[in-house]
Amino acid sequence: MSKYYLNYLDELESEAIFVLREVWAQFENPVILFSGGKDSIVVTHLARKAFYPSKIPFSLMHVDTGHNFPETIQFRDNLIKELGANLIVGSVQESIDQGRVAEEKGKNATRNALQITTLLDAIEANKIDCAIGGGRRDEEKARAKERFFSHRDDFGQWDPKNQRPELWNIFNGKHFEGEHFRAFPISNWTEMDVWNYIKRENISIPSLYFAHEREVVWRSNSWIPKSEFLILDEGEEVVTKKIRFRTLGDITITGGIESDADTVEKIATEVAAMRQTERGNRSDDKRSESAMEDRKREGYF
């Protein structure tokens, strides 16, 4: 009898599809958290494969800070149209207008933490019991603590010491009313795996990931893009550089790197030589040693 072997990308794909199907089997109203970044795009692609030839059974949810890259919003809208999927948008600006959150002031102000309230409000309003994210364990030490099924209490908070065991890939999605889960199908993937999978599957991604000319400012050891929200400090200068972004978030906090990688193949080669995590250019993660975990405990992605 001949043996059948999977290569490592097939194994990762198979695992992620298994998790997505488990989510659909165990929860009443799950959604995919869609940011327009490469990881949420890959999760959406995996969902297409998991349920083909049917449509994706999940709605996509985007927490819109109002400070997004225009290219990201355009990509999101085009993909939603292609998929024929339902899009749920939670607006941080609406949360601010309603007095639910207070906007930060000053040159380093960001709406990143404000997403927590908007996300939890959207989860409650839409009666969502599981939000599927593209978080990976190699990204950041707080995300390394996540399980595939990550329990959140009735306040939307995460306690890393109170998570369910996941022995032999048996997932426990049972929860009380008001509680919900986050699911992370690509937890075991690395940044390199994501790029190799994008290359293999020929997945479309926003142009921001490819090297291009852009006006930027050097701040916090990375190139912050010029935008209407950027407040220049004394001595800071706007210059034009050929850069690309390894990770996408708010335009106010996402730093770029100088690069000539303008194809997926070149990006994969560049990433293979990197010695810094992709979130090393995110200024919101530099506020403290535990910045990400603090936000996750309050309900962040």
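Q: Is Lys 127 buried or exposed?
A: A quick orientation to begin with: this is a predicted model, where local features need pLDDT of at least 70, side-chain atom pairs count only at pLDDT 80 or more, and totals for chains, interfaces and linings use all residues. Residues are numbered from 1 along each chain as its sequence is written, and side-chain values use heavy atoms, with hydrogens and water left out. For accessibility, buried means under 20% relative accessible area, exposed over 50%, and partly exposed in between, with a 1.4 Å probe and protein chains only. Lys 127 has a relative accessible area of 68%, so this residue is exposed.

Q: What positive phi does Lys 127 have?
A: Lys 127 is in the loop between helix H5 (115-125) and strand S4 (130-132); helices (H or I, at least four residues) and strands (E, at least two) are DSSP runs, numbered from the N terminus. Lys 127 is not a glycine, yet its phi is positive, at about 55°.

Q: Which loop residue has a positive phi of about 60° although it is not a glycine?
A: Look in the loop between strand S5 (149-152) and strand S6 (180-183).

Q: What omega does the cis peptide bond of Tyr 52 and Pro 53 have?
A: Pro 53 has its place in the loop between H2 and strand S2 (59-64). The bond that joins Tyr 52 to Pro 53 is cis, with an omega of about 10°.

Q: At what angle do the axes of helix H2 and helix H3 cross?
A: Two packed helices are described by the angle between their axes and the distance between the axes. Here the axes are lines fitted to C-alpha atoms, for helices over the stretch in contact, and angles run from 0 to 180 degrees between N-to-C directions. For H2 (residues 38-51) and H3 (residues 70-83), the axes come within 13 Å and cross at roughly 5°. Angles under 35 degrees count as roughly parallel, over 145 as roughly antiparallel, 65 to 115 as roughly perpendicular and the rest as oblique, so H2 is roughly parallel to H3, given a crossing angle of roughly 5°.

Q: Which residues of H3 make the contact with H2?
A: Contact means heavy atoms within 4.5 Å. The H2 side consists of Ile 41, Thr 44 and Arg 48. Together, the residues of this contact divide into 4 nonpolar, 1 polar and 2 charged, where Ala, Val, Leu, Ile, Met, Phe, Trp, Tyr, Cys and Pro count as nonpolar, Asp, Glu, Lys and Arg as charged, and the others, Gly among them, as polar. On the H3 side, the contact residues are Phe 75, Leu 79, Glu 82 and Leu 83.

Q: Which residues does Ala 47 touch, not counting residues up to four places away in sequence?
A: Ala 47 sits in helix H2, and at 0% relative accessibility it counts as buried. With residues up to four places away in sequence set aside, Ala 47 touches Leu 20, Ile 32, Ile 56 and Phe 58.

Q: Which helices and which strand do the buried residues of H6 pack against?
A: Helix H6 (residues 191-201) has as its buried residues Glu 191, Asp 193, Val 194, Trp 195, Asn 196, Tyr 197 and Ile 198. These buried residues pack against helix H1 (8-26), H2, strand S9 (239-244) and helix H7 (264-272).

Q: Which residues does Ala 268 touch, not counting residues up to four places away in sequence?
A: Ala 268 lies in helix H7 and counts as buried at 3% relative accessibility. Leaving out residues up to four places away in sequence, Ala 268 touches Met 192, Trp 195 and Asn 196.

Q: What is the angle between the planes of Trp 189 and Tyr 197?
A: Rings of Phe, Tyr and Trp (its six-membered ring) pair if their centres lie within 6.5 Å; planes under 30 degrees apart count as stacked, over 60 as edge-to-face and the rest as tilted. The whole structure holds 13 aromatic pairs. Trp 189 and Tyr 197 are both buried. Their rings form an edge-to-face pair, 5.1 Å centre to centre, with the planes at 80°.
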